[in-house]
Amino acid sequence: MLFGRDREREELDGLLRSARDGRSGVLVLRGEPGVGKTALLDHAVESAEGFRVARAVGVESEGELAFAALQQLCSRLPDPPDPLPDPQRDALGVAFGLTTGHSPERFLIGLAVLSVLSAAADEQPLLCVVDDAHWLDRASAQALAFVARRLLADRVALLFASRGRNGELAGLPELVVPGLGEDDARALLAATTEGALDARVRDRIVEETRGNPLALLELPRGLTPAELAVGFTPTTGLPLSGRIEDSFLRRVEELPSDTRRLLLVASADRLGDPIKVWRAAELLGIGPEAAASAADGDLLDIDTEVRFRHPLVRSAVYRSASLAERREAHQALADATDPGQDPDRRAWHTAAAAPGPDEGVASELERSAGRAQERGGVAAAAVFLERAAELTPDAERRSLRLLLAAASDLSAGANERARRLLEESVPGLVDPAARARAMRMEGAIRFADGRGSDTPALLFDAAMAVRDLDRDLARNALMQSLEAAMWAGQLATGTTLQDAAQAALELPAPPGEATVPSLLLDGYSKRLTAGYPAALDPLRHAADLYLGDVSERPVLTWDGMVWNATGELFDFERHIAVARRRVRLAREHGALSFLPLALCCLAWNERLAGRIDAAESFVSEAEEITAATGSPTMPGANEIMRLAMLAWRGREEEVRAVAPAVTAEAVARGQGLGVTLAQFCLVTLELGLGRYEEALIAARDIYEQDPLYPGSIILPDTIEAAVRCGDSDVAQAALARLSERALAGGTPWGLGLLARSRALLAPDEEAEPLYQEALEHLGRSGVTTELARARLLYGEWLRRRRRRRDARMQLRLAHDLLEATGGAAFAHRASVELMATGERARTRVAATRDDLTPQEQQVAQLAAEGESNAEIAAQLFISPHTVAYHLRKVFSKLGVTSRGQLAAAIGHHAEAVG
Ligand SMILES: Nc1ncnc2c1ncn2[C@@H]1O[C@H](COP(=O)(O)OP(=O)(O)OP(=O)(O)O)[C@@H](O)[C@H]1O
Ligand SMILES: [Mg+2]
């Protein structure tokens, strides 16, 4: 019977009610030990009439069993009627150790679980209850948190109980469970204490336990009737949970010795498997009668599972045992564990039983780590490796294991842990190759943290350290150093792009080698040393190899560099093809850590192509996935891309508000590229607004630094601003640079921008053919926004030559195209010019589509393309019910009643752009 808790019950009932009606909900109950979280979960389960219930419990465990809780939860659920998409099915199979395969990306597992839960809820509302979430293995917690953030329109209620904050669950709705109120606490006491209870004593107990029900139940049990009647004095200054533990402990101490040993064995096996516990007990000569007195004392029950009266009994027992006693218990449990069936648990117990370093035990643990890794349980692998390191007698080998553990933590997204392990590992590394690996790891951690200014130097030193030992490794590290230097940009300390490029030239690839990274390294280093034209061949070759790669690997480490190279070459066709491929593969494989950055790049391409709605919905998707996974792989990318959209739309106030923050963040992270890109956005804004002087100031900075890619596409903007400001020196210099690059590449995008820029600088009699040439090239380039800007410039030129009719035609075309592509500021520039010719611009009827939220737009777009709800769900990482929910809203907002009409309702808009 539950005392009090009206507020909590109401909240839980509300959650269940909404779930029953098809609105999923999540709640994390948080509170100190014994406060009554489990009791509330039980209450929810009892009130969940008509629900299917799936439960899982986090288990305190020094080691991590990857996906243990998740597997427990899913085992209670039916197989989905429709098979899961292949990557999801494979991921679950591998994660649960049922099949072997590629180690799945950590969030793909979350996605698969989302599908399983959603399918189960199709048949019957579903309540998932996860108790002791503070002990969840990290892999399970990450997956469940992902599910919790993505649920919306399913009949699912997800309840967690946790003592403290679980980092992975941060940000989910929370209900803090306090102690019982005074009246309820008194009532609970009265109902459970026998005999007389002095009112003063009662009030003291209520006050000192602060209404904690477990303390109310437990502490009086440790007191004699006399003490109860006379007065209640706390024995120690321990915190409450310590006092409850103490009280349990005093009861344990009164038990016969065999019973105490049985309790210890049971507390050492965190999985609560009764057969194993009995087998171990037998090995220790403990008979079945020991269990009876444990049950009598209301401390432990062993039937189909091993159940402690309360988790605090378990920790009291385990903590109070001596080291030797614990080892004995673990050894017995190891001996009782079948090495064939559960080698990892056995390895873990053996390790806990080891009195000191032992290579045999350590290498067994390392094998367990390998198995965890193969299942995608990278966090678990790290824990195994860390323990293996502790038990490794040889100092260097110990350091190597720590290094491996750091690598596993890094791929689990635990950068801070990775850094700690790396620091511990370094002093023991002697072998130069191992030292180089450590340096590379440090660089990789810094890179994952958001690039950073000292990263290029770290990676460069790593490369130099193995230069004569392992050329492949050295070139690889150089490539990483180059990429890091690109991100660090002007904020790089120690090593520059030039340094990495120069070193790469001195370490050529073996003849005949043509892999993507090798070609990239050659291409970039030629670009930086021998100049732009020399880089064309290797960079194009790298892009073609990447695009033609049939292995369909979800992520190529270098795909960002391939994308960047195609932009630097003004090769829009390959540029957008690379972006699309990255997104497609990341989506298909559920590589959610990589997807946001890939989406940002694609958004950039779409914005250039003039499909601003698509671009913005990709940015929204990137933002959403980042929120769902809880951590950005590339800090700052979403924010910059959002800024780019605002800048193109000419939203001055917002850009001016956001840009400084984006810049400051980038500076703080040592991410010079972020600073440059924010500045790039300002150039776009100022040019749109016709503020050429401000535009020139911002553009010149980028022009002078000449970073790869932004340094090239800033050239036409620099020229436009400089010409308008009458600064012909800068304009001519920028034109010379653009000319070299555009002519070398010979792409429509490059040639079009070149012709447009030359027209701006040309004497009157030569300008017109150049404008026309620009329109011709840009018309074929796919970069519609640049075509639109060319028309605007041409129109402005025509008007100043007083060729009113011609000017009107160009300006009208420019205006409509700019408006359709979202370039509101440039469109306004066009309409002002039009007005000067005596004509007024038509403003486009606002598309109904604008009323849709980004997610609704995505759903509508995909549905219009004929994708089913299940297909859309798999693409957007939501459940089919959530798709249906969004679609209903889309229908009502657009006033359509069927999918067929949908295409027409949003289609005209797409045509207007294309
Ligand atoms: N509102 C209540 N009325 C009566 N008894 C309660 C109430 N809440 C909890 N209890 C009892 O108090 C004890 C401790 O509660 P519970 O196990 O739910 O705590 P908990 O918050 O889950 O603790 P832990 O963090 O250690 O798991 C249990 O025996 C439970 O039955
Ligand atoms: Mg509990």
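The side chain of threonine 38 places an N or O atom 2.6 Å from an oxygen atom of ligand 1. The model is a predicted one. Histidine 310 also contributes through its side chain: one of its N or O atoms is 3.1 Å from a ligand 1 oxygen. Valine 35 uses its backbone instead, with an N or O atom 3.3 Å from an oxygen atom of ligand 1. These pairs count as polar contacts because their N or O atoms lie within 3.5 Å of each other.

How much of ligand 1 does the protein bury? Taken alone, ligand 1 exposes 630 Å², and the protein buries 87% of that area.

Now take the whole shell. It holds 22 residues around ligand 1. Those that come nearest are Gly34, Lys37, Thr38, Ala39 and His310.

What is the shell made of, by class? Twelve of its residues are nonpolar, six are charged and four are polar. Two helices deserve a look here. Helix H2, spanning 37-47, supplies at least two residues of the shell, and so does helix H9, spanning 213-218.

Turn next to another part of the chain. Helix H34 covers residues 672-689, and helix H35 covers residues 692-705. Their axes come within 8 Å. They cross at roughly 150°. Angles over 145 degrees count as roughly antiparallel, so H34 is roughly antiparallel to H35. What is the hand of the H34 and H35 crossing? It is left-handed.

Technical notes. Residues numbered from 1 in each chain as written. Chains lettered and ligands numbered in written order. Predicted model: local features only at pLDDT ≥ 70, side-chain atom pairs only at ≥ 80, totals over all residues. Heavy atoms only, no water. Near = heavy atom within 4 Å. Polar contact = N/O pair within 3.5 Å; in protein donor to acceptor, adjacent residues only side chain to side chain. Areas by Shrake-Rupley, 256 points an atom, 1.4 Å probe, with all protein chains shown as cover. Helix = DSSP H or I, 4+ residues; strand = E, 2+ residues; numbered from the N terminus. Nonpolar A, V, L, I, M, F, W, Y, C, P; charged D, E, K, R; others polar. Axes fitted to C-alpha atoms, helices over the stretch in contact; angles between N-to-C directions. Parallel < 35°, antiparallel > 145°, perpendicular 65-115°, else oblique. Left-handed = near helix turned anticlockwise from the far one by under 90°.
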